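I opened this entry to keep track of what I looked up.

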Amino acid sequence: CQAARAGSCPLTCPLTKILSTTMPKGSSDDDDDRSDDEDEREGEGSDDDSDSSSAETDERCGELLAQLQQGSLTYGAALELIGLLKARADLPGVRQAREALAAAYPLPEAVWLEWIEDEARLAAGDEVDEVIELAGRAVRDGLYVGVWLRLVRLVAERHAPGLVSALDAAA
């Protein structure tokens, strides 16, 4: 709303806080041509193949984590690390890698949406507000219609669940 953008909204709503914070750190025209699935490895076949693949994956994950700690992780390597950590169900590691990636680069819409969806699946109660804040960060990072729609849905689910249920039933 206009009042929220102006910072004078009398209502306490998450959009007022989100819209009143700083603007994105930069825009990027070529983020969409990067591959999100680089070098994903899956162990298929015998147990020996599975064990060696797992060891290789653990070794690669260790290398990428070391790069992350040194601050020298590239965009593609960060996406690879996130994929590896997700496969290992290492939630704290995934969050750390995503935060590092977001601090270094403007993220494309697909990466933001995946992050928001992962956090939304895990959120309960007041943790939904943290997911709303994450979606707010995403809309400040770039002009992404899909992220805006997800943000609006998160706010509606949090503050007007009956409206969301009625819209879902009508669709």
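**Entry 1: helix 4.** The model is predicted, and I read it as such. I started with helix 4, which has 13 residues. From its first C-alpha to its last, helix 4 reaches 19 Å, close to the 18 Å expected at 1.5 Å a residue. Next I looked up burial. I find 10 of the 13 residues of helix 4 buried, so the helix is largely enclosed by the rest of the structure. I listed the buried ones: Tyr75, Gly76, Ala77, Ala78, Leu79, Glu80, Leu81, Ile82, Leu84 and Leu85. Glu80 is on that list, and I noted it as a charged residue.

**Entry 2: the end of helix 4.** I followed the chain out of the helix. Just after helix 4, alanine 89 takes a positive phi of about 60 degrees. I flagged the residue, as it has this phi although it is not a glycine. Alanine 89 lies in the loop between helix 4 and helix 5. Buried or exposed? Its relative accessibility is 68%, so I log alanine 89 as exposed.

**Entry 3: the whole chain.** I stepped back to the overall count. The protein has 9 helices and 0 strands. Of its 171 residues, 33% count as buried. I also checked sequence separation in the contacts. Among contacts with a separation of 6 or more, 54% come from residues 24 or more positions apart.

**Entry 4: the core.** I looked up the largest nonpolar core and found 34 residues in it. Those with the most contacts inside it are Leu73, Leu81, Leu101, Leu107, Trp112, Ile116 and Val147. Which helices supply at least two residues each? I have helix 3 (47-70), helix 4 (75-87), helix 5 (91-104), helix 6, helix 7 and helix 8 (145-159). Helix 4 gives the most, with 8 residues.

**Entry 5: helix 6 against helix 7.** I took helix 6 (residues 109-122) and helix 7 (residues 127-141) as a pair. Their axes come within 9 Å and cross at roughly 175 degrees. An angle over 145 degrees counts as roughly antiparallel, and helix 6 and helix 7 are therefore roughly antiparallel to each other. By class, their contact has 9 nonpolar, no polar and 4 charged residues. From helix 6 I noted Trp112, Trp115, Ile116, Glu119, Ala120 and Leu122. They meet Glu127, Val131, Leu134, Ala135, Arg137, Ala138 and Asp141 in helix 7.

**Entry 6: Ile116 and Ala135.** I picked one residue from each side of that pair. Leaving aside neighbours within four places in sequence, isoleucine 116 is in contact with Val131, Leu134, Ala135, Ala138, Val147, Arg150 and Leu154. Alanine 135 lies in helix 7. At 0% relative accessibility, alanine 135 counts as buried. Alanine 135 and isoleucine 116 are 19 residues apart in sequence and 6.4 Å apart in space, C-alpha to C-alpha.

**Entry 7: Arg153.** Leaving aside neighbours within four places in sequence, arginine 153 is in contact with Val164 and Asp168. I also took a distance to isoleucine 132, 21 residues apart from arginine 153 along the chain. Their C-alpha atoms are separated by 9.6 Å.

Notes:
Residues numbered from 1 in each chain as written. Predicted model: local features only at pLDDT ≥ 70, side-chain atom pairs only at ≥ 80, totals over all residues. Heavy atoms only, no water. Axes fitted to C-alpha atoms, helices over the stretch in contact; angles between N-to-C directions. Helix = DSSP H or I, 4+ residues; strand = E, 2+ residues; numbered from the N terminus. Parallel < 35°, antiparallel > 145°, perpendicular 65-115°, else oblique. Contact = heavy atoms within 4.5 Å. Core = buried A, V, L, I, M, F, W, Y, C linked by side-chain atoms within 4.5 Å. Buried < 20%, exposed > 50% of the residue type's maximum accessible area, 1.4 Å probe, protein only. Expected span 1.5 Å × (residues − 1).
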